[in-house]
Amino acid sequence: MARHRKVIILGSGPAGLTAAIYTARADLEPLVLEGEPSSTSDQPGGQLMLTTEVENFPGFPEGILGPELMGSMRSQATRFGATFETVKASRVDFSVRPFRIWVGDPTTEDSTYVADSVIVATGARSLMLGLDSERRLLGHGVSTCATCDGFFFRDRKVVVVGGGDSAVEEALFLSKFASEVIIVHRRKELRASKIMQDRAFRNSKLSFRWDAAVVDVLGEDKVEAVVLKDVNTGELNELAADGLFVAIGHVPNTDLFKGQLTMEESGYLVTGPGSQTNVEGVFACGDVQDHVYRQAITAAGSGCTAAIDTERWLEGQEHRKALSD
Ligand code: NAP
């Protein structure tokens, strides 16, 4: 028998947890399917679990560690009655009401849950370069998370690929451990914000390889070097390194919703008005529907929007039902 909930929230980053706080305070007793710890794409707490200091979340003048911030949001949601399951949905069916959600084996006829409304907050995951060698050496010197793996590179030489805030943030963090950090970027200038660029250029451990693409990672069991290609001349060069950190952006976690929720070509969910998706009663918030701002605070704000939209929609449904009874 499928278990019934008024609201199920998929995802537990700042968007999902803010939606949980608000729907819990509205007495909707939300269930949060928070993701799986083993996952690198949709782990409980979302991408902030893979970051260090969050300096721009209002209310923390001295900054706060990403995992600590997410832990506080989770406690706050729990305090108001939200419940959590450390799993991720394996299948959804939004064509019927109540909506059906499976956890575990997606081929079973009965779903695990049915829900009157769903808030999708599954976030986004790191983009990879797409090299066979990168895949083979992931966890053996190739990483997408300096916070998780930086410690292993004490007094080592590492390469960070990318030119945005993520790449600079990773590089700055790694400079606390590594002897040398080289940012490899495919253009001549960084995309990162000015404040991050200033920090990067001031850091004596950081250097830059402009107009260069990483086209291969060398090493049998661990990273020994990367092969760089000059994007202007096509010339190949080996650069010895003990680690490669890939920080080239993100893709939304929307595979589960293909064919059911309207998405852009890039996979981001289309929402509006407010957080409404194309399926009435299914709402979306955070990075899964935002490729422009992608900040913890904007994700949290949109989680609040989704919770209020959900609450009002459920009220409207009850009102309609009462009139027809
Ligand atoms: P991003 O801004 O999209 O930057 C991605 C970078 O990777 C770009 O420089 C891009 O090059 C490069 N790139 C993309 N695909 C590549 C490929 N296949 N090979 C080589 N290079 C590739 O992504 P992000 O840095 O993850 O930042 C995402 C958002 O989060 C931004 O809004 C950012 O401000 C925010 N963020 C903020 C902070 C902070 O405030 N502390 C920290 C992290 C992220 P091009 O420049 O040539 O396109």
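**Figure 1. Helices α1 and α2 meet in a left-handed crossing.** In this predicted model, the axes of α1 and α2 (residues 66-79) come within 8 Å of each other and cross at roughly 20°. That places α1 roughly parallel to α2. On the α1 side, look for Pro14, Leu17, Thr18, Ala20, Ile21 and Ala24; they meet Met70, Met73, Arg74, Gln76 and Ala77 of α2. Sorted by class, this contact holds eight nonpolar residues, two polar ones and one charged one.

**Figure 2. Helix α1 also packs against α7, and here the crossing is right-handed.** Helix α1 spans residues 14-25 and α7 spans residues 296-324; their axes lie 7 Å apart, at an angle of about 35°. Pro14, Ala15, Thr18, Ala19, Tyr22 and Thr23 are the contributors from α1. From α7 come Ala296, Ala299, Ala300, Ser302, Gly303, Cys304, Ala307 and Ile308. Ten residues of this contact are nonpolar and four are polar, with no charged residue taking part.

**Figure 3. A cis peptide bond links Arg97 to Pro98.** Omega is about -5° here. To find your way, follow the chain from β6 (89-93) to β7 (99-103): Pro98 sits in the loop between these strands.

**Figure 4. Gly272 and Pro273 are joined by a cis peptide bond as well.** In this case omega is about 0°. Pro273 belongs to the loop that runs between β18 (250-252) and β19 (282-284).

**Figure 5. Asp155 has a positive phi without being a glycine.** Its phi value is near 60°. You will find Asp155 in the loop between α4 (146-149) and β11 (157-161). With a relative accessible area of 60%, Asp155 counts as exposed.

**Figure 6. Arg294 is another non-glycine residue with positive phi.** Phi is about 50° for Arg294, which lies in the loop between β19 and α7. Arg294 is partly exposed, at a relative accessible area of 38%.

**Figure 7. Stepping back, the protein chain contains seven helices and 19 strands.** Its radius of gyration is 22 Å, close to the 20 Å that the globule rule gives for 325 residues, so the chain is as compact as a globular protein of that length. Along the principal axes, the C-alpha atoms fill a box of roughly 75 × 45 × 30 Å. Of the 325 residues, 48% are buried. Among contacts with a separation of 6 or more, 60% are between residues 24 or more positions apart.

Notes:
Residues are numbered from 1 along each chain as its sequence is written. This is a predicted model: local features need pLDDT of at least 70, side-chain atom pairs count only at pLDDT 80 or more; totals for chains, interfaces and linings use all residues. Side-chain values use heavy atoms; hydrogens and water are left out. Axes are lines fitted to C-alpha atoms, for helices over the stretch in contact, and angles run from 0 to 180 degrees between N-to-C directions. Helices (H or I, at least four residues) and strands (E, at least two) are DSSP runs, numbered from the N terminus. A crossing is left-handed if the near helix is turned anticlockwise from the far one by less than a right angle, and right-handed if clockwise. Contact means heavy atoms within 4.5 Å. Ala, Val, Leu, Ile, Met, Phe, Trp, Tyr, Cys and Pro count as nonpolar, Asp, Glu, Lys and Arg as charged, and the others, Gly among them, as polar. Angles under 35 degrees count as roughly parallel, over 145 as roughly antiparallel, 65 to 115 as roughly perpendicular and the rest as oblique. The radius of gyration is taken over C-alpha atoms; the globule rule is 2.2 Å times the number of residues to the power 0.38. Buried means under 20% relative accessible area, exposed over 50%, partly exposed in between (1.4 Å probe, protein chains only).
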